[in-house]
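Subject: Structure handover

Hello,

Here is the structure for your files. My notes on it follow below.

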Amino acid sequence: MPIDRTRSGAAAVGAKLFRGFGDPTRLSILWALAAGEKRVVDLVSEVGTSQPNASGHLACLKECGLVSDRPAGRQVFYRISSPEVLELLAAAERVLAVHGRRVRLCPRHAARG
């Protein structure tokens, strides 16, 4: 299926994708999962958030197709759903290595308080 590159097509879907990456907790979860499968309890500890918060963000990431899960008995393991998600995370790290200081200081993207 060809990619719709119109403003109402790919740009709108792309903006939704980047909103998924735009939350600091979701991004931290994705970076944690880049190292391999983890349970919610592992992510809570590693990311420093609550279990309900982590579960909500995982549900969002799963609904968007960025994360998938694997039930194992009473546990559920989460993982990045495709190599393309890992590639995007790696690309973001490279961009931040070059432009991170300016992004951090950008007044248009000031932290919300």
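Is Phe21 buried or exposed? Phe21 is buried, at a relative accessible area of 10%. Here buried means under 20% relative accessible area, exposed means over 50%, and partly exposed lies in between (1.4 Å probe, protein chains only).

First, the ground rules. This is a predicted model, so local features need pLDDT of at least 70 and side-chain atom pairs count only at pLDDT 80 or more, while totals for chains, interfaces and linings use all residues. Residues are numbered from 1 along each chain as its sequence is written, and side-chain values use heavy atoms, with hydrogens and water left out.

Core

The largest nonpolar core has 17 residues. Such a core is a set of buried Ala, Val, Leu, Ile, Met, Phe, Trp, Tyr and Cys residues joined through side-chain atoms within 4.5 Å. Phe21, Leu30, Leu33, Leu58 and Val67 have the most contacts inside it. Two or more residues each come from helix 2 (24-33), helix 3 (40-47), helix 4 (51-63), strand 2 (75-80) and helix 5 (83-105). Helix 2 gives the largest share, 5 residues. Helices (H or I, at least four residues) and strands (E, at least two) are DSSP runs, numbered from the N terminus.

Take Leu33. Leaving aside its neighbours within four places in sequence, Leu33 is in contact with Lys38, Leu43, Leu58, Val67, Tyr78, Arg79 and Ile80. Contact means heavy atoms within 4.5 Å.

Aromatic pair

There is 1 aromatic pair in the structure. Phe18 and Phe21 form it: 6.4 Å centre to centre, 45 degrees between the planes, hence the label tilted. Rings of Phe, Tyr and Trp (its six-membered ring) pair if their centres lie within 6.5 Å; planes under 30 degrees apart are stacked, over 60 edge-to-face, the rest tilted. Phe18 and Phe21 are separated by about one helical turn, because they sit 3 residues apart in helix 1 (residues 7-21).

Salt bridges

The structure holds 5 salt bridges. The criterion is a side-chain nitrogen of Lys or Arg within 4 Å of a carboxyl oxygen of Asp or Glu.

- Glu37 pairs with Arg70, closest N and O atoms 2.7 Å apart. The pair links distant parts of the chain: Glu37 is in the loop between helix 2 and helix 3, Arg70 is in strand 1 (residues 67-72), and they are 33 residues apart. Glu37 is partly exposed at 35% relative accessibility, and Arg70 is partly exposed at 34%.
- Glu46 pairs with Lys38 at 3.7 Å between the closest N and O atoms. Glu46 is partly exposed at 48%, whereas Lys38 is buried at 14%.
- Arg39 pairs with Asp42 at 2.8 Å between the closest N and O atoms. Arg39 is partly exposed at 27%, and so is Asp42 at 25%.

Glu37, Arg70 and Arg79 are linked in a salt-bridge network.

Surface

Trp31, Leu96 and Val103 form a nonpolar patch on the surface, with about 250 Å² of accessible area together. Patches take residues with over 30% relative accessible area and no salt bridge; like charges are joined within 9 Å, nonpolar side chains (Val, Leu, Ile, Met, Phe, Trp, Tyr) within 5 Å. Areas come from the Shrake-Rupley method with a 1.4 Å probe; for residues, only the protein chains shown count as cover. Trp31 lies in helix 2 and is partly exposed, at 33%.

Best regards
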